[in-house]
Amino acid sequence: MAKFPVEPFKIKVVEPIRQTSAEERAEILRRAGYNLFAVRAEDVYVDLLTDSGTSAMSDRQWAGVMRGDEAYAGCRNFFNLEEAVQTITGFRHFVPTHQGRAAENVLFTCTVAPGQSVPSNMHFDTTQANVLARGGHPVNLIALAGLDPTLHAPFKGDMDVARLEAFIQETGPENIPLGMLTVTNNSGGGQPVSMANIRATGEALHKYGIPFFLDACRYAENAYFIKLRDPDYAETPVLEIAREMFSYADGCTMSAKKDALVNIGGFLALHDEALYQRVCQELIIREGFPTYGGLAGRDLEAVARGLWEGLDEGYLAYRIAHTRYLADRLVEEGVPILEPPGGHAVYLNVKRFLPHIPQSELPGQALTCALYVEGGVRGVEIGSVMFAHEDAATGETVYPDLELVRLAIPRRVYTQAHLDYVVETCRTLYERREEILGLRYTYAPRLLRHFTARFEPV
Ligand SMILES: Cc1ncc(COP(=O)(O)O)c(C=O)c1O
């Protein structure tokens, strides 16, 4: 047996990538306003900006693309996708959307009124922004273990269910149109949520008549973590674990760009008939007719096939081990990361990497810039740029507890040698960490600031 994860696929198509010099990259970064989102992908060597929409599709998915039926209504690919979604999630109704945030938009438009609150273990940035855009309050109630970047615990994505109940009682169930759980918890290190916690969260919400939705982007990785870490599920097929996860919820939003291994796509699935009718109306205005929902027939087919491939246990074993390999190698080199690693990404622990830069000088963003200049590696800040906000009462800036740089691993794209290169880049940078300087804003939009903000060195 090899001591490293061996790819359960072979490569049929390749895409060349090129190295630039550190001097070239420093200039590219300056022109991009020190924001990696503004750097051209061609100027990146190993692109770990996101695992979303960056998967390599299989030959079977590409063959499915050729089976695209581009009829406006009732294309065959819709029914293939419907069968996959209903078999896996068990939800009665579903509509395709062009990606996850479109499902969030449609769901919150139909459910959230201004002033209402939506509790979650931890909202992802688009979920948070979509709640805010409806005048609602996104509320994060993650259990404390999930905020400790060094604690080794199996399910650090869990909701603090006692806090959830207290929150419902304080706020009043009539002011909470739905509650959510993000599986796995992307903004908190890609950490999984346990089956017991999914069940308990559903029970707590249902006790007060509040619907419960999963943000299910990485449901398959979450299900595989349950298999690995909860002895009660060690022998249970991942499909069954996933079905049980969904069985406690009333619906889910899904970005198929993650665990359905496609480059575009998503869906909203739910039981409630009346809500489904409203969702369809909203969908038609925003996305398209309910049998295509913002996607071409060929994309629907790729999602249908990708959903099954994303649940394959050989693939999932490799996927989790591949991520773990990067984390273990970084730890070996003494580079501080959030432990244990999540399913789709390794998160550098910026407060320990750059203790000399205060959060007001955006150390996470500074580290993404330094990684790019050092090795052409692109990660993303998940810290003060993404989440710091003004306290409504005091006007003071509230900084997030975790300051992270996420190195997200695209599915089936990079080999072990690429990961070794990333380790080498991080190690070299860690040795020279005192040379890294903080940043300040030269432009900062109000919502989803990290995508378009610009910076300069302090
Ligand atoms: C947990 C989570 N929810 C929602 C989304 C939004 O999905 P999309 O990018 O497809 O709009 C993402 C995307 O990264 C995510 O990670």
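How many nonpolar, polar and charged residues are in the shell around the ligand? Hold that thought for a second, and keep in mind that what we're looking at is a predicted model.

Okay, the ligand. By class, the shell has 2 nonpolar, 9 polar and 3 charged residues. That makes 14 residues surrounding the ligand, and the closest are Gln99, Gly100, Arg101, Phe124 and Ser255.

We have 5 strands here, and they form an open sheet with mixed pairing, in the order β2-β8-β7-β6-β5. At the edges sit β2 (93-97) and β5 (179-182), each pairing on one side only. From one strand to the next, the twist averages 15°.

Let's zoom in on β2. Its pairing with β8 (residues 266-270) is antiparallel, over 5 bridges.

Now let's zoom out. The chain is divided into domain 1 (22-51 + 313-457) and domain 2 (59-310), and their centres, taken over C-alpha atoms, are 26 Å apart. Where they meet, 23 residues of domain 1 are in contact with 23 of domain 2. On the domain 1 side, α12 (313-332) and β9 (345-349) are the elements giving two or more residues, with α12 giving the most, 5 residues. By class, that side has 13 nonpolar, 4 polar and 6 charged residues.

That's my tour, thanks!

Note on methods: Residues numbered from 1 in each chain as written. Predicted model: local features only at pLDDT ≥ 70, side-chain atom pairs only at ≥ 80, totals over all residues. Near = placed C-beta within 6 Å. Nonpolar A, V, L, I, M, F, W, Y, C, P; charged D, E, K, R; others polar. Pairing = 2+ DSSP bridges. Helix = DSSP H or I, 4+ residues; strand = E, 2+ residues; numbered from the N terminus. Axes fitted to C-alpha atoms, helices over the stretch in contact; angles between N-to-C directions. Domains from an automatic or database assignment. Contact = placed C-beta atoms within 7 Å.
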